[in-house]
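Please keep the sequence and the coordinates at hand while reading.

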Amino acid sequence: MALCAPVVALSLLVACGREDPLNEPAERFEMVDIDYERAIRLSVAEVTAGELVALELKEPESNSPVWESRIADQDGQLTTVRLGATRGEVLGTSPGPDLADSERQELMRHLDEARLLPGEAAREAADTANGELVTALELQGREGDPVWRVDVLGVADESATVHVVDAKTGEILERRPA
């Protein structure tokens with residue numbers, strides 16, 4: 001289960017400063033009105049021809065929770081987009097982490113090979129009808145192939161689960177407690 005070094009580096013950049021929303025009690029998410037699907041649409045709209053590579057719910061316990069995403073443009077340049085998770089307003093955009101050429105090429109290869117959109121991967125992993133909340137999505141590499149890591153919180157029982165979804169087939173490759 002070797003991860004590609006460039007994607008691991010990207011994962012580390014995406015997760016910098018990450019609080020762990022999967023281990024937060026469910027009641028701390030009650031201010032979140034914008035779901036992951038809408039957050040994806042709003043984030044991608046901020047970058048011309050952009051594709052989502054990561055999305056994470058931050059500050060879920062506050063009165064101002066935020067969705068933070070990384071969007072790759074057609075050249076593999078990353079932009080960070082911050083959205084208010086209560087009203088969906090764009091709070092700001094900024095250049096994302098600067099990737100080395102090899103990291104950018106690996107990212108673009110994974111995006112090109114991925115057949116499953118991030119929202120589809122999240123739907124494969126989470127049962128939102130039964131109160132599961134997607135708190136993060138991230139495109140990663142696994143044995144050279146693209147996968148979506150989907151973090152899900154079971155609101156009813158406060159169980160936190162990480163799902164690894166094959167970005168080519170939609171098959172859930174792994175489920176593990178967070």
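## Helix α4 and its cover

The buried residues of α4 are covered by elements that include α2 (36–44), β1 (51–58), β5 (132–142), β6 (145–154), β7 (159–166) and β8. Contact means heavy atoms within 4.5 Å. Helices (H or I, at least four residues) and strands (E, at least two) are DSSP runs, numbered from the N terminus. The model is predicted, and local features need pLDDT of at least 70, side-chain atom pairs count only at pLDDT 80 or more, while totals for chains, interfaces and linings use all residues. Residues are numbered from 1 along each chain as its sequence is written, and side-chain values use heavy atoms, with hydrogens and water left out.

In helix α4 (residues 118–125), the buried residues are Pro 118, Gly 119, Ala 121, Ala 122 and Ala 125. Seen down the axis of α4, these buried residues fall within an arc of 160 degrees, so they line one face of the helix. The arc is that of the directions from the helix axis to the C-beta atoms. Buried means under 20% relative accessible area, exposed over 50%, and partly exposed in between (1.4 Å probe, protein chains only). An α-helix has 3.6 residues a turn, so residues three or four places apart point the same way.

Helix α4 lies across β1, β5, β6, β7 and β8, and runs at about 50 degrees to β6. Axes are lines fitted to C-alpha atoms, for helices over the stretch in contact, and angles run from 0 to 180 degrees between N-to-C directions.

## The sheet

Eight strands form an open sheet with antiparallel pairing, in the order β4-β3-β2-β1-β5-β6-β7-β8. β4 (90–95) and β8 stand at the edges with a single partner strand each, so one side of each is left without a neighbour in the sheet. On average, neighbouring strands of this sheet are turned by 20 degrees against each other, direction ignored. Two strands pair if DSSP finds at least two bridges between them.

Strand β5 is mostly covered, with ten of its eleven residues buried. Three bridges join β5 to β1, and the two run antiparallel; Glu 56 stands opposite Ala 136 in β5. Ten bridges join β5 to β6, also antiparallel, and Leu 137 stands opposite Val 150 in β6. β5 and β6 form a hairpin with two residues between them, and Glu 143 in the turn has a positive phi of about 55 degrees.

Strand β2 (residues 66–72) pairs with strand β3 (residues 78–84) in the antiparallel sense over seven bridges. In this pairing, Ile 71 stands opposite Thr 79 in β3.

## Glu 174 in strand β8

Glu 174 lies in strand β8 (residues 172–177). Is Glu 174 buried or exposed? Glu 174 counts as buried because its relative accessibility is 18%.

The side chain of Glu 174 makes polar contacts with the side chains of Arg 142 (3.3 Å) and Arg 176 (3.0 Å). A polar contact is a pair of N or O atoms within 3.5 Å; within protein, one must be able to donate a hydrogen and the other to accept it, and residues adjacent in sequence count only if both atoms are side-chain atoms.

## The chain as a whole

The chain has four helices and eight strands, which run α-α-β-β-β-β-α-α-β-β-β-β from the N terminus on. Of its 178 residues, 49% count as buried. Among contacts in the chain with a separation of 6 or more, 53% are between residues 24 or more positions apart.
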